[in-house]
Amino acid sequence: MRELLTKIEQNSRLDRFGDRLQRAVQGTLRGQRVRDLLHGVWLGHPLHPAMVQVTVGSWMSAAVLDLLPGQRRAATALIAVGTASAVPSAVAGLNDWAALARDQRRVGLVHAASNSVALVLYGGSLAARMSGRHGLGRTLGFLGLSAASAGAYIGGHLAYKQGAQVNVSVSDLHLISEGWHAIAEMDSLPQRELVTRKVDEVSVILYRHGDDVTVMLERCPHQSGPLGEGEVREIDGHACVVCPWHGSTFRLNGGEVVHGPSSNDQQILPTRVVNGKLEARLP
């Protein structure tokens, strides 16, 4: 399986279809509020993996009930819940997928294809059960669970091996040693401009507003974009930095994510000023 997934990551022939699908998804989901909703910005966590718990949980529970006598009605109800919830889960997943790197999108296509097969099989299972053909419904259900399980395995590879929709910047904190670190002279920091510095070997951005200075990890949590090269915008009365790669936006006074595709806040380091020098440390 590892070799197969590595080949999928490197299979550029998938890009022909993937690029067209990406444009279609981005053209359909145009509104920033809609995209932020589907990314899970409001939740502070990717929405897609949270939603699929309803789908997969319902389908797995139905499989258990199918092995027990007298549970046809309950199993059918769970199949219906899982099948209905799969559609919005898929929409949220496509929204995330469209903002991924190309090698991640290749694996994501196979993930989506496997789950689409599962959805078709469970749709057939529900139809069979509703018409009284419970034996066929159980068979299609077990086949659908197999397809969904394969999709879940591929999704795990996408998240844990390829880092899709996880906070890729938080690991930088592990490279910063304990204690306070001098970063810059306060008098040298311009007002309301991004400045890039390093804490140990970790790149951070500094933003001064009056006597307050924000020290934020520079790597965007979405795809490691350079926030130090980003644009500062005022949104709802807050100064925000916009990632130049994919547009993820974070408040400079707290690190909260304002717009996706990132659904994670960006890490802020505590600061103090000693003898005119700005210092920062681990949270």
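On a 1 Å grid over the protein atoms alone, a pocket is an open set of points with protein on both sides within 12 Å along at least five of seven lines, whereas a cavity is a set of points where a 1.4 Å probe fits but cannot get out; lining residues have an atom within 4 Å of a point. Grid points are joined across faces, edges and corners, and a volume is the space filled by probe spheres set on the points.

The model is predicted: local features need pLDDT of at least 70, side-chain atom pairs count only at pLDDT 80 or more, and totals for chains, interfaces and linings use all residues. Residues are numbered from 1 along each chain as its sequence is written, and side-chain values use heavy atoms, with hydrogens and water left out.

**Overall architecture**

The protein chain contains seven helices and 11 strands, taken as DSSP runs numbered from the N terminus (helices H or I, at least four residues; strands E, at least two). Its C-alpha trace spans about 80 × 40 × 35 Å along the principal axes. Of its 283 residues, 45% count as buried, that is, under 20% relative accessible area with a 1.4 Å probe and protein chains only.

**Pockets and cavity**

| Site | Volume | Residues of the lining |
|---|---|---|
| Largest pocket | about 1,000 Å³ | His 48, Val 52, His 111, Asn 115 and Gly 155 among them |
| Second largest pocket | about 300 Å³ | Tyr 207, His 209, Ala 239, Leu 252 and Asn 253 among them |
| Largest cavity | about 30 Å³ | Leu 14, Asp 15, Trp 97 and Arg 102 among them |

**Helix H4**

The 20 residues of helix H4 (residues 47-66) should span 28 Å at 1.5 Å a residue, and the end C-alpha atoms are 30 Å apart, which agrees; the expected span is 1.5 Å times one less than the number of residues. Buried residues of H4 include Leu 47, His 48, Trp 59 and Leu 65. The buried residues of H4 pack against helices H3 (32-39), H5 (72-97), H6 (102-130) and H7 (134-161).

**Nonpolar cores**

A nonpolar core is a set of buried Ala, Val, Leu, Ile, Met, Phe, Trp, Tyr and Cys residues joined through side-chain atoms within 4.5 Å. The largest such core has 18 residues, and Ile 183, Leu 189, Val 204, Leu 206, Val 215, Leu 269 and Leu 278 have the most contacts inside it. Strands S1 (181-185), S2 (194-199), S3, S4 and S11 (277-280) each supply at least two residues of this core. A second, separate core of 14 residues includes Leu 5, Ile 8, Leu 38 and Ala 98.

Note on methods
Buried < 20%, exposed > 50% of the residue type's maximum accessible area, 1.4 Å probe, protein only. Contact = heavy atoms within 4.5 Å.
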